[in-house]
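Please read this briefing with the sequence and the 3D structure open beside it. The points below are grouped by topic and can be followed one at a time.

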Amino acid sequence: MMAVMRAAADLRFSERHLLGIETLKPWAIQELLDLADGYVELNRQPEKKRPLLRGLTQINLFFEPSTRTQTSFELAGKRLSADVVNMAVRTSAMQKGETLIDTAVTLNAMHPDVLVVRHEHSGAVALLARHVECAVINAGDGRHEHPTQALVDALTIRRRTGRLEGLVVAICGDVMHSRVARSNILLLAAMGARVRLVAPPTLVPTDVALYGVEVAHDMADGLDGVDIVMVLRLQLERMEGSFLPSVREYFHRYGLTREKLARAKPDALVMHPGPMNRGVEIDGTLADDIERSAILDQVELGVAVRMAVLEALTRELREAA
Amino acid sequence: MSGSATAILNARLLDPARRLDEPGGLLIRDGVIADVGPSVGGAALPEGTQIIDAAGACLAPGLVDMRVHFGEPGEEEKETFDSGSAAALAGGVTSLALLPDTDPVVDDPAMVEYVERRARRARGVKVYALGAFTRGLEGRQIAELGLLAEAGTVGFTDGPKPVMDSQVMRRGLAYAAMLGQPVIQRPEDLSLAPDGVMNEGAIATRLGLAGIPNAAEIIMLERDLRLVALTGARYHAAQISTEEGVEAIRRAKAAGLPVTADVSPQHLLLNELEVEGYRTFAKIRPPLRRERDRQALVDGLADGTLDAVASDHRPQDQDEKRLPFAQAAFGAIGVETMLPVCLALVHEGTLSLLELIERLTLRPAHILGLNAGRLAPGAAADLVLFDPDRPWKIKDSALRSLAKNTPFEGRLVQGGVRMTMVDGRVVFREGDPA
């Protein structure tokens, strides 16, 4: 009897931080998605507040500006009754490396329980995590990972199709510079989905085949028979530096249109992390239709997923208290 | 029964695709080769066939010149589609690829359409457009390669300008690889000789002219070959001029890289001594090199390391050439004299006539993906009939180009074009007024 209980306890989410999808086991991902499902229902009630994190302090530390993600984390913390503080740090005022650690040490002295951190440089959140005693959630680091967004996308898919395993998912656009794409590739692969990257060769990272993904340079071919189409936002500064010739050529080859979408399965789900560049990565009228459906879902589920992550990361702390 | 059958009989047939060099005839019906071989002729010909007696002259696929510059648009005083087309046809050239460095530059799909429309109106040589590799040929931002390819380009190049920025080159190669079109680069590290006007060496020193070292070519070529290995793009090195350049191409091919190369008739037949007396018609880029470089180029062409002969036809008028050497423009015309000039290599025994014809037809056609360069039933009847031995003297006044900047002025050559056909239509006949 004791042994069985211990095994069950071991199979609970026991990570100290959420720095990326890379270190998560499939069952841990499953657990976070299950928890989030419950919060979706809660968030639709008039009374959304739970006392779970009462007394705990959550600091949102954003070195890079963000409205959606930061608001989502703030709401998640407040609905779980944490004391939430937002800190926007302007990196221009900071030196790199040493001062990031200085910031970590200073914040640590304030005894926060959860730090939600976004930083423009890959690996910066992990560096900061080594210098604090509380849980750290990566809200996006450089072009490395954005784990909560990948969880949101996975939950969106799971609620629409009932599963992740066996699905064929096309991730289209600037994979090279996208932390969302990296986290999604890792998560979808871990959950048994097949991932196909659709991008020009200049926007596909080197040796990406090691992740076990397929690569297509022709969008119509890449979308052939897929269940899910994830369209990445194209940063317009990619037009500099010869990644791409022009907006018009990008839209011509990689803009999602009804014509190209016709190659996907008839009920294929279209997703976009938003905000969309109409006429760049997606056709304007198609964007209107999609915005009414899945893309707003993704925003709604964002709060629920972040509540699930906050619950899972503070579990040991709460149980010790 | 079709009313438009023509037979060329009593010819020496040269078909590089089948490595065939034998006497015979060729039957054309509706602009297309209907039959070819020793048995064509006599009673088997359809009634009413128009007969052309070749009298033993060579019949080969029309030449494919993969590197040509006309002045149109922008410099119509130097060459137009009409004058350039006439010169090409007189030289036996039936297909050519136009460089994009016109004014405006061919870096927009609308310009590709302009070139095609203008070429159709000139009704002669088949003109294919090369698209700009970078926008405005500035080397900073890749051009709309996908849209250019869809508009009908056969390759991408910045023409006479090498792409200096390695990152732009890498990304452009990767992007072009997706589109399946070759990237054509004239390899030269411009920073090594920003004011160079001729080959670097003793002669430049004596003449007091700034030199362009062989290293300028090899450094850029080696860089490009590494980027080709990284991206898998099809790469064509244009106008190889040095011994080391030939060697680099040879190694790259041995390593299995998708690399091809061309050389000009000027570099195959002339060396840096031509510059003596500050002859600006010998001012070309890359410059005419040492004799040992020329020898290496000839050997490279003979063993197939260098795939194609390309004229690098670049008309310059008197205003651009009658200047102090350092101030004169680079470039030479060559589309009309390419065949007779190169026949010297056959006469001296360096390569066979069939090998030379292959380098002038099938190989360049293959690099650009053109359906040309073969004497086969079903192929367009784009043909050149030439006498390989007839001696004559190149006179600039007799050339059809508007500009007369040939470095071969006064040269005695052996071999001349008798007749050129495009789609079975006679478009040039020996003795036609220039």
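This is a predicted model: local features need pLDDT of at least 70, side-chain atom pairs count only at pLDDT 80 or more; totals for chains, interfaces and linings use all residues.

For chain B, the mean pLDDT is 96, and 99% of its residues reach 70 or more.

**Overall dimensions of chain A**

- Taken along the principal axes, the C-alpha atoms of chain A fill a box of roughly 55 × 50 × 40 Å.
- Of the 321 residues in chain A, 55% are buried.

- H6(A) is mostly covered, since 12 of its 15 residues count as buried, and the buried residues run from A:Pro147, A:Thr148 and A:Gln149 through A:Ala150, A:Leu151, A:Val152, A:Asp153, A:Ala154 and A:Leu155 to A:Thr156, A:Ile157 and A:Arg158.
- After H6(A) comes A:Gly162, which has a positive phi near 80 degrees.
- The loop between H6 and strand S5 (168-172) of chain A holds A:Glu165, which is exposed, with a relative accessible area of 58%.
- A:Glu165 is 41 residues from A:Thr206 in sequence, and the two lie 26 Å apart in space, C-alpha to C-alpha.
- In chain B, helix H6 (residues 214-231) has 18 residues and reaches 26 Å from its first C-alpha to its last, close to the 26 Å expected at 1.5 Å a residue.
- The buried residues of H6(B) include B:Ile218, B:Leu221, B:Leu225 and B:Val228, and among them are also B:Glu217, B:Arg223 and B:Asp224.
- Just after H6(B), B:Gly232 has a positive phi of about 75 degrees.

**The largest pocket**

- The largest pocket has a volume of about 970 Å³, and of the 37 residues that line this pocket, A:Arg118, A:His146, A:Arg179, A:Val180 and A:Gly274 are the closest to its centre.
- Two or more lining residues of the largest pocket come from each of helix H3 (68-79), H6, helix H7 (179-190) and helix H11 (284-313) of chain A, and H11(A) gives the largest share, with six residues.
- Sorted by class, the lining of the largest pocket is made up of 10 nonpolar, 16 polar and 11 charged residues.

**Cavities**

- Across the whole structure, a search finds four cavities of 30 Å³ or more.
- The largest cavity has a volume of about 70 Å³, and its lining includes B:Pro61, B:Gly62, B:Thr94, B:Ser95 and B:Asn371, along with B:Arg374 and B:Asp382.
- The lining of the largest cavity has four nonpolar, five polar and two charged residues.
- The second largest cavity has a volume of about 50 Å³, and among the residues that line this cavity are A:Asp153, A:Val180, A:Asn184, A:Met230, A:Val231 and A:Gln298.
- H7 and strand S8 (228-231) of chain A are the elements that give two or more residues to the lining of the second largest cavity, and this lining divides into six nonpolar residues, three polar and one charged.

**Local backbone features in chain B**

- The peptide bond from B:Asp103 to B:Pro104 is cis, with omega near 5 degrees, and B:Pro104 belongs to the loop between strand S7 (93-98) and helix H2 (109-122) of chain B.
- Another cis peptide bond joins B:Arg285 and B:Pro286, with omega about 0 degrees, and B:Pro286 is found in the loop between helix H8 (265-269) and helix H9 (291-303) of chain B.
- B:Asn10 is not a glycine, yet has a positive phi of about 60 degrees; B:Asn10 lies in strand S1 (residues 5-15) of chain B and, at 47% relative accessibility, counts as partly exposed.
- B:Asp312, also not a glycine, has a positive phi of about 50 degrees; B:Asp312 is found in the loop between strand S16 (308-309) and helix H10 (318-321) of chain B, and its relative accessibility of 11% is under 20%, so B:Asp312 counts as buried.

Key: Residues are numbered from 1 along each chain as its sequence is written. Chains are lettered from A and ligands numbered from 1 in the order in which they are written. Side-chain values use heavy atoms; hydrogens and water are left out. Buried means under 20% relative accessible area, exposed over 50%, partly exposed in between (1.4 Å probe, protein chains only). Helices (H or I, at least four residues) and strands (E, at least two) are DSSP runs, numbered from the N terminus. pLDDT is the predictor's confidence in each residue, from 0 to 100. On a 1 Å grid over the protein atoms alone, a cavity is a set of points where a 1.4 Å probe fits but cannot get out, and a pocket is an open set with protein on both sides within 12 Å along at least five of seven lines; lining residues have an atom within 4 Å of a point. Grid points are joined across faces, edges and corners, and a volume is the space filled by probe spheres set on the points. Ala, Val, Leu, Ile, Met, Phe, Trp, Tyr, Cys and Pro count as nonpolar, Asp, Glu, Lys and Arg as charged, and the others, Gly among them, as polar. The expected span of a helix is 1.5 Å times one less than its number of residues.
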